[in-house]
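Open the model in your viewer and show it as a cartoon. Then follow the stops below, one selection at a time.

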Amino acid sequence: MSVLNSAQQKAVAELLRVSPVADELGRRFAAAGHELHLVGGSVRDALLGSLGDDLDFCTDAHPEQTLTVVNGWADAIWETGREFGTIGIQKNGLRIEITTFRAEAYDGVTRNPVVSYGTSLLDDLSRRDFTINAMAVSVPGHEFTDPFGGLRDLAARVIRTPAAPQISFGDDPLRMLRAARFAAKLRFTVDPAVVTAMSDMAADLDRITAERIRDEFTKLMSSVDPIAGLRLLVDTGLADRFLPEISGLKLEIDEHAQHKDVYEHTLIVVSNAMRLEGDEGPDFVLRMASLMHDIGKPATKAVGRDGRVSFHHHEVVGARLTKQRMKALKYPKDVTGEVVGLVALHLRFYGYGRGEWTDSAVRRYVTDAGPLLSRLHKLTRSDVTTRNRRKAAQLAADYDALEVRIDRIAAEEDLAKVRPDLDGNAIMELLGVPPGPIVGQAWRFLKELRLDHGPLDRDEAEAELFKWAREQGHIS
């Protein structure tokens, strides 16, 4: 341990903002005879000048002792992580987690860690995933502890493990995914020895639950540079353990021969989509749809007599494969549904520029997309990766024209709420039928009519309903 030097003090100036709360908390622990250290990602982020409002501390106090210290001082307390040695509190707008020193180990078979309490800060730091996350600053004393050269690696922008990577990943194989995620989040390079271990031990990822893999992968995809993380996952074979369809795209040349393979095209589409996200921040649904939009191509590849490659209906196959993969990764149904919907619709626009779309086709495009329309706009534009400038400009102009046309029709009709011109109650009253299948069939017929012809007045809608009912034999 050593007192922070002037350069380090300048680097952790972010700590000054939280220092009053952190130091006060440290004094409470010291008065009770315990140590308290800001640790891990909080120290890393402070050194990078990006410390947020979530703070991580470690202590030699056990959870029940921590509760005694914070009771009456914290604004709120939660104990959901108590079995893992963690007590959560809130104070002055800061979310704080305090975890007992750990001596965590895995038996190499089970999917979850066996957690036991450690006795020293050094033991706790030695079990952490990477050197940049194995630094600590004591409070209130502000003593800096860096036994594995984390500060040096932070300056070099490199990701290394405190112990040999084989030992670290053997303890918790999820750390291999975390290496890719930190490469994506921080734009750091991964130490060659770590990359080698990731490749050699990729199969160990099978020991990890789908939920933990999903959460880590979602963070990677939501990072500032997911492309770097994705490349690392594919190059090391980790992607093959939970998302093999992405690696499979390397085997296919795209039909326009504009890229080395569909994989490279896909990464460009993800990058394009990120540039269209706007101020709302990372859009996981859009990014995931961009990543998955072409995964149906390997299964639909066909070579014509002229030697040209095609992938007919790959959007249909891709939507099915996306649903299966996201279900296996335990994504929520609503998130899966949105991604699948975008994959299924991503080719719908092509053909518009040939003048084949009627107002009915535009209505169907908007209605089928529903709340996904703005994302579909972005995905469709992102999918244009041709190097032919004239072709790219024409496609962009065609889509500009489609959006203008959508806005025009939307101004004339409420496209966001396309409904039949007669509701269920009116259908039952006019046809003299009770609730049941006939009402649903009539409603769907009127919905299709509305999409084809636009709004009908009441008399026209009733006439069409009666005509349909007679043809179906529901009335004489």
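Start with the whole protein chain, which is a predicted model. Of its 476 residues, 50% are buried. Colour by secondary structure next: the chain has 24 helices and twelve strands. Now think about contacts in the protein chain between residues with a separation of 6 or more: 64% of them join residues 24 or more positions apart.

**Stop 1: the nonpolar cores**

Select Phe217 and Leu291. These two have the most contacts inside the largest nonpolar core, which has 108 residues. Which helix gives the most to this core? Select α8: this helix supplies nine residues.

Stay with Leu291 and show its surroundings. Leaving aside residues up to four places away in sequence, Leu291 touches Phe217, Met221, Leu230, Leu243, Ile246, Thr266 and Val270. Then move to a second, separate core, which has 14 residues. Among them are Leu431, Ala461, Leu465 and Ala469.

**Stop 2: α9 against α11**

Two packed helices are described by the angle between their axes and the distance between the axes. Select residues 192-200 for α9 and residues 226-236 for α11. The axes of α9 and α11 are 8 Å apart, and the angle is about 55°. Are the two helices parallel or oblique to each other? The angle falls between the 35 and 65 degree cut-offs, so α9 and α11 are oblique.

Show the side chains at the contact. From α9, pick Val195, Met198 and Ser199. From α11, pick Leu232, Asp235 and Thr236. Colour the contact residues of α9 and α11 by type: three are nonpolar, two polar and one charged.

**Stop 3: α18 against α20**

Now select residues 333-345, helix α18, and residues 373-382, helix α20. Their axes come within 10 Å and cross at roughly 50°. That angle makes α18 oblique to α20. The crossing of α18 and α20 is right-handed.

Which residues make the contact? On α18, select Glu338, Leu342 and Leu345. On α20, select Arg375, Leu376 and Leu379. The residues of the contact of α18 with α20 are four nonpolar, two charged and no polar.

**Stop 4: the loop between β7 and β8**

Most residues other than glycine have a negative phi, and most peptide bonds are trans. Keep that in mind here. Find β7 at 136-138 and β8 at 143-145; Pro140 sits in the loop between them. Zoom in on the peptide bond joining Val139 and Pro140: this bond is cis, with omega about 5°.

Move along to His142, also in the loop between β7 and β8. Is the phi of His142 positive or negative? The value is positive, near 60°, and His142 is not a glycine. His142 has a relative accessible area of 31%, so this residue is partly exposed.

**Stop 5: Arg187**

Select α8 again, at 174-186, and then β10, at 189-190. Arg187 lies in the loop between α8 and β10. Arg187 is not a glycine, yet its phi is positive, about 60°.

**Stop 6**

For the last stop, find the loop between β6, at 94-100, and α5, at 121-126. Select Ser120 in this loop. With a relative accessible area of 24%, Ser120 is partly exposed. How far apart are Ser120 and Arg102 in space? Draw a distance from C-alpha to C-alpha: 8.5 Å, for residues 18 apart in sequence.

How values were computed: Residues are numbered from 1 along each chain as its sequence is written. This is a predicted model: local features need pLDDT of at least 70, side-chain atom pairs count only at pLDDT 80 or more; totals for chains, interfaces and linings use all residues. Side-chain values use heavy atoms; hydrogens and water are left out. Axes are lines fitted to C-alpha atoms, for helices over the stretch in contact, and angles run from 0 to 180 degrees between N-to-C directions. Helices (H or I, at least four residues) and strands (E, at least two) are DSSP runs, numbered from the N terminus. Angles under 35 degrees count as roughly parallel, over 145 as roughly antiparallel, 65 to 115 as roughly perpendicular and the rest as oblique. A crossing is left-handed if the near helix is turned anticlockwise from the far one by less than a right angle, and right-handed if clockwise. Contact means heavy atoms within 4.5 Å. Ala, Val, Leu, Ile, Met, Phe, Trp, Tyr, Cys and Pro count as nonpolar, Asp, Glu, Lys and Arg as charged, and the others, Gly among them, as polar. Buried means under 20% relative accessible area, exposed over 50%, partly exposed in between (1.4 Å probe, protein chains only). A nonpolar core is a set of buried Ala, Val, Leu, Ile, Met, Phe, Trp, Tyr and Cys residues joined through side-chain atoms within 4.5 Å.
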